Every structure is written in C-alpha cells, then in structure tokens.
Amino acid sequence: MINSNPYVYIIEDEESISRLVAIYLNKSEINTKCFITAEDALKELENDKFPNLIILDLNLPGMSGFEFLEKFKKKYTTTTPILIVSARDADEDIIKGLGFGADEFVTKPFSPSVQVAKVQANLRREAFTSAKAEEVINFGEYTLLLSSCVLKKGTVKIPLSTKEYQVLEYLIKHAGKILSPENIYSDVWKVKFGDITAVAVYIQRLRKKIEKDIASPEYIITEFGNGYIFNKEKIH
C-alpha cells in the first residue's frame, strides 16, 4: 500500500522534463516539488516535509547528482528511494549511482508513464519495508531505532556513542521508574563495581543532545537522592 499522500522531489535542471514528470505524477495523485539545483533541494530538506521518494538527475549545475547522493546518504538515515534519471548510460555511471545508494537508474529519453509506474513500485516497496523494518520508540521529536541502534530527530541522525545509546535505551525501556546510578551502572556497564560517576557523565551528555534546556530537562529527570527517571509521558 502506498502512502495516502506520497510526496516526491524532482531534481532536474531541464524544466521541460521536470514539468512533464510532475504532470504525470500529479495525475496519479502523487504530489511533487521541483528543483533546478541539488543545493536548493538540500536546503529545502531542512524545512520541508520530507519526501517519500526523490527523482535525481546527474548532470546538474553546481553540485552534481553524485555529490547530492553522497551528502544525502551521509546526513539522513531515511530509506527514501532515489531514482536516478540521466542521459549518461555508461556502465560505470550506473554502478557508481547504485553504489552511492540510488535504488534505480533510468536513462533518458524515457516514457513518462513508465516513469510513473517505477515511482509507484518504489513507493509501494518502501511503504511495505518501512512497516516491517524494525521496532521503534518515539518520544517527543525523536525516534529510537532499536535494531540499528540509532537516534533520529525527524529524519536527521543524532550522533551517539555506543554507551550513550545503551544508557538512553535503558532509561527509555524503564520509563516511569526511578533508576539509581548503581542500578544503571550495573545493568548497562555489566559490572557490579566501578566508578558510578560515569552514569552522571553520560546523563549529561545525553541531555546536551536531546534536551532543549539541560537545566530544566523534560525527558531525563533527576530524582534528587534517588536517581533518574525517563518521563514516560513523552513516549508516544
């Protein structure tokens, strides 16, 4: 099943092509937004609703399609499908595009109706894969991906060390319970004796990454004299 309101970015400097593709997609009830440059698309990703799929030309003014792919995959953890559309059909270009993380390579000229069918197929595949992908826990603006050990704010990955992730996951899985530093240290570090001040250090590191105001945290709350408690009301 495709998302009820699928949204596609078209990054193509030939406006006649992008308009034609947009018209065909719109007729199939797929919303679109067109960009002439990759730089414009990357800037828009910061503020716009995130697309369900991206159609990408390789020969763009300024940043190339390959450069866009590299930056996009480095910054975002999303599995948004990317369809390369290019007049360049050499094997090395196709291999390079797929190697950079593209899902499909379509050579110009192409049939708009066939392109729509490819977009729909990728949207269906992505919707199915996302539904099965992995267990997640959402809190506030954040998503914790349990299988891949990743924290995201929206679609942007929040860098966490292994131990930071382990402490955060432990707190969240025990949300609503007061956890003493001794219990956290024992269960996360897997040792009974050690420097439990490490717990406070990692709590502060996490607060700097997820709290709007570390002096007045809304997620990881200190219960003075007892320990820490993750705000269960923030989980949804």
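Q: What counts as a contact in this predicted model, and what percentage of contacts in the chain between residues at least 6 apart in sequence join residues at least 24 apart?
A: Contact means heavy atoms within 4.5 Å. In this predicted model, among contacts between residues at least 6 apart in sequence, 57% join residues at least 24 apart.

Q: Why is the chain called more spread out than a compact globule?
A: The secondary structure of the chain comprises eight helices and eleven strands. For 236 residues the globule rule gives 18 Å, whereas the radius of gyration is 22 Å, well over that value; therefore the chain is more spread out than a compact globule. Along the principal axes, its C-alpha atoms fill a box of roughly 70 × 35 × 30 Å.

Q: Why is C34 called partly exposed?
A: Buried means under 20% relative accessible area and exposed means over 50%, with partly exposed in between. The relative accessibility of C34 is 38%, so C34 counts as partly exposed.

Q: What percentage of the residues of the chain count as buried?
A: Of the 236 residues, 42% count as buried. The chain exposes about 12700 Å², of which carbon and sulfur atoms supply 51%.

Q: How many disulfides does the structure hold?
A: A disulfide requires a pair of cysteine sulfur atoms within 2.5 Å. The structure holds zero disulfides.

Conventions. Residues numbered from 1 in each chain as written. Predicted model: local features only at pLDDT ≥ 70, side-chain atom pairs only at ≥ 80, totals over all residues. Heavy atoms only, no water. Helix = DSSP H or I, 4+ residues; strand = E, 2+ residues; numbered from the N terminus. Rg over C-alpha atoms; globule rule 2.2 N^0.38 Å. Buried < 20%, exposed > 50% of the residue type's maximum accessible area, 1.4 Å probe, protein only. Areas by Shrake-Rupley, 256 points an atom, 1.4 Å probe, with all protein chains shown as cover.
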